[in-house]
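Dear colleague,

I am handing over the structure below, together with some notes on what was found in it. Please read the notes with the coordinates open beside you.

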Amino acid sequence: MKPTAEGIGGAEASESSDGMESGTGEPTSGIILVDKPSGVTSHDVVAAVRSGLGMRRVGHAGTLDPMATGLLVIGFGQATRLLTVIVGHDKTYRATIRLGLGTTTDDADGDLLPVRPGAAQRVDELTAQDLQDLIDRCFTGWIDQVPDAFSAIKVKGKRAYDLARAGQEVKLEPRRIRIASFNLLDFRRVALPDQGAKVVDVDVEVSCSSGTYIRALARDLGERLDLGGHLTALRRIRVGPFDLEDSDLASRVLGGHVVPHTYRNRQGQTVVRSRMVLDRNRQAMLDGSLDLVQAARMSMPVLKLDADQAVRVSNGGFLDLPVTGPTAALAGPQGKQRLAAILVPGSRGGAKPDVVFHPEA
């Protein structure tokens, strides 16, 4: 099972040796929850965590674009192998959609498209109730969505956003997604004399399945209204059970700020780009992480293995156990349990290990 493109971008789980010695008493694997600031990429966040921990085996579940803020689930050590399950969880976003103007990228980083004829009158006539009714009718439940051309989806081995930025036409097939809820939180009329436009800015909260592009929702909502539309702000507040507003998790959430970073590239050119600086040191990051068992319990159903089953799983053997989807298999006595494997349904029934975890010192 591979991480799939999702949310406003994709999923990534990079792996290599972690560079930490066993037997130190420190966690060698775990999940870190990061509140990403605007202005850096998800890869920048992974780089900051990798540097802060002194590890190379670090990855994330579900990309956020540079403009976006909010929750990134980061895995280190063997926990990178949990990301393939976590990335499939549903998500919750808060966003601001501007109706009345479209952009080339469907967000605020793109170039503005021309104001549509008659858009000002349609903006004046639009009401919050009209908009919520349209959302309930056309943008809730199971729908087909064409991903954004500037998404991280691969087309013939290349990222769609690389092709789009190179000026090539990008055609992506519709995908079936589920919008569990799409609620209007605020409705504001705004005049933009510099752009010669009247717009409506709406704050929304969207809970949706993996694979949903919030920029595409803004684009399609604008199309339905014949106004054009794009995102001006996006914040992810939840990935499955990992919720920035959960008071039990609040103390674990890692933040940071953005600073300029100057370096010379391979061509000898001086480049200035943004870099994330974490607000905690290495020990505080480790102390705030979720261990493999904690993260697995939050991410999927759990089964307890006996000693014989644990040995069989460690060797890739099948088990006569009922599982309907990814299931965490725990081994060891209470209080000293470890994550032994992620089980999935076998083709002929029972359960087979999809991922096996090695005991950690």
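Is Arg188 buried, partly exposed or exposed? With a relative accessible area of 28%, Arg188 is partly exposed; please keep in mind here that the model is a predicted one. Its salt-bridge partner is Asp186, with 2.8 Å between the closest N and O atoms, and Asp186 is likewise partly exposed, its relative accessible area being 33%.

A search of the whole structure gives 16 salt bridges. One of them joins Arg98 to Asp201, where the closest N and O atoms are 2.7 Å apart. Because Arg98 lies in strand β5 (residues 91-99) and Asp201 in strand β10 (residues 197-208), this pair ties together parts that are 103 residues apart in sequence. Both Arg98 and Asp201 are buried.

Another salt bridge links Arg219 and Asp220, with the closest N and O atoms 2.8 Å apart. Arg219 is buried at a relative accessible area of 17%, whereas Asp220 is partly exposed at 21%, the cut-off for buried being under 20%.

Turning to the strands, β13 (residues 256-264) pairs with β14 (residues 270-278) in the antiparallel sense, over nine bridges, and the bridge partner of His257 is Val277 in β14. Five residues lie between the two strands of this hairpin, in which Gly268 takes a positive phi near 80°.

Technical notes
Residues are numbered from 1 along each chain as its sequence is written. This is a predicted model: local features need pLDDT of at least 70, side-chain atom pairs count only at pLDDT 80 or more; totals for chains, interfaces and linings use all residues. Side-chain values use heavy atoms; hydrogens and water are left out. Two strands pair if DSSP finds at least two bridges between them. Helices (H or I, at least four residues) and strands (E, at least two) are DSSP runs, numbered from the N terminus. A salt bridge is a side-chain nitrogen of Lys or Arg within 4 Å of a carboxyl oxygen of Asp or Glu. Buried means under 20% relative accessible area, exposed over 50%, partly exposed in between (1.4 Å probe, protein chains only).
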